[in-house]
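Thank you all for making the time this morning.

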Amino acid sequence: MKRPTDERKDTRSQFTADSSLRVNYLTPKCLPSESPTRRRGSSSSTGSGSGQGLPEEDGIRLNPSFIRVALSSLLAIDLWMSKRLGVCACEDSSWGSVRPLMKLIEISGHGIPWLAGTAYCMYKSDSAPGQEVMLNLLMGLLLDLVLVGIVKAVVRRRRPAHNRMDMFATFSVDRYSFPSGHATRAAMCGRFLLAHLVLAAPLRVLVLLWASLVGLSRVMLGRHNVTDVMFGFWMGYCQYNLVEMLWLSPQTLQGLLGQLA
Ligand SMILES: CC(C)=CCC/C(C)=C/COP(=O)(O)O
């Protein structure tokens, strides 16, 4: 239960945040960024000219209370949207009948089929360039698992409350939701396929559609919040650049294997 003193505290912090928004969301760089009262006090002690003027500024920075308000508003919108969109979170949700289809899309973006499929294609490929491409996709997939695991372990954002944890083959970090590993994989693999396979236009559209559906299904199944998926897409997009930078040529691979032997 809130005490009267808590009520007063809340009102004051709202006032500070609100006045920051209205009057002073851009705070001069060298001024303390707390309340307007504190700033007024400090400006008189600077002894500048008239005693009321502000010191010379060479830059501006955002008031931390503005950033805090902006972030908590974004978070509130994120939670609200994710809850509204989680229409397949369980069988008796409003779109519960679509849940099996969403789970199929989930499997299509899972790490195990991608790792197994890529290893199989590499083994079956009878051309050196084909093997090289598959080897680098395999490396990208492993890199993705490691990077997503690290970010999940650092951020430790819980999955939405309406999620049912019935995914198959997960790591312990997969109890956390930020970022969505399916979204990073879909973005990275989507970019990889578009860049390295010669695909007709309808197939290219299909790849983009699949990646988008994987992201959407994460929120509809209630597995993730919208921001987990958006960040996941961005992270996967960047991961592809990393794969290109670290590209393993057959010569590099032979050198590495030679060192191991
Ligand atoms: C066991 C292997 C190889 C991968 C785990 C894949 C997985 C279940 C990731 C979690 O994805 P979300 O973060 O999108 O829920």
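This is a predicted model: local features need pLDDT of at least 70, side-chain atom pairs count only at pLDDT 80 or more; totals for chains, interfaces and linings use all residues.

How do the residues of the shell around the ligand divide into nonpolar, polar and charged? They divide into five nonpolar, six polar and three charged, where Ala, Val, Leu, Ile, Met, Phe, Trp, Tyr, Cys and Pro count as nonpolar, Asp, Glu, Lys and Arg as charged, and the others, Gly among them, as polar.

Residues are numbered from 1 along each chain as its sequence is written.

The ligand is surrounded by 14 residues, the closest being G111, A169, S180, G181 and H182; a residue counts as near if its C-beta atom, placed from the backbone, lies within 6 Å of the molecule. Two or more residues of this shell come from each of helix 5 (111–124) and helix 7 (181–196), and helix 5 gives the largest share, three residues. Helices here are DSSP runs of H or I with at least four residues, numbered from the N terminus.

A169, one of the closest residues to the ligand, sits in the loop between helix 6 and helix 7. Its phi is positive, near 45°, although A169 is a residue other than glycine, and A169 is exposed, with 8 other C-beta atoms within 10 Å, exposed meaning 12 or fewer such atoms, with C-beta atoms placed from the backbone. R156 is found in the loop between helix 6 and helix 7 as well, and R156 has a positive phi of about 50° and is exposed, with 12 other C-beta atoms within 10 Å. That loop also holds P179, and the peptide bond from F178 to P179 is cis, with omega near 0°.

Turning to helix packing, helix 7 and helix 8 (residues 201–220) pack at an angle of about 175° with their axes 9 Å apart, the axes being lines fitted to C-alpha atoms over the stretch in contact, and angles running from 0 to 180 degrees between N-to-C directions. Helix 7 is therefore roughly antiparallel to helix 8, a term for angles over 145 degrees.

Conventions. Angles under 35 degrees count as roughly parallel, over 145 as roughly antiparallel, 65 to 115 as roughly perpendicular and the rest as oblique. A residue is buried if 20 or more other C-beta atoms lie within 10 Å of its own, exposed if 12 or fewer, and partly exposed in between; C-beta atoms are placed from the backbone.
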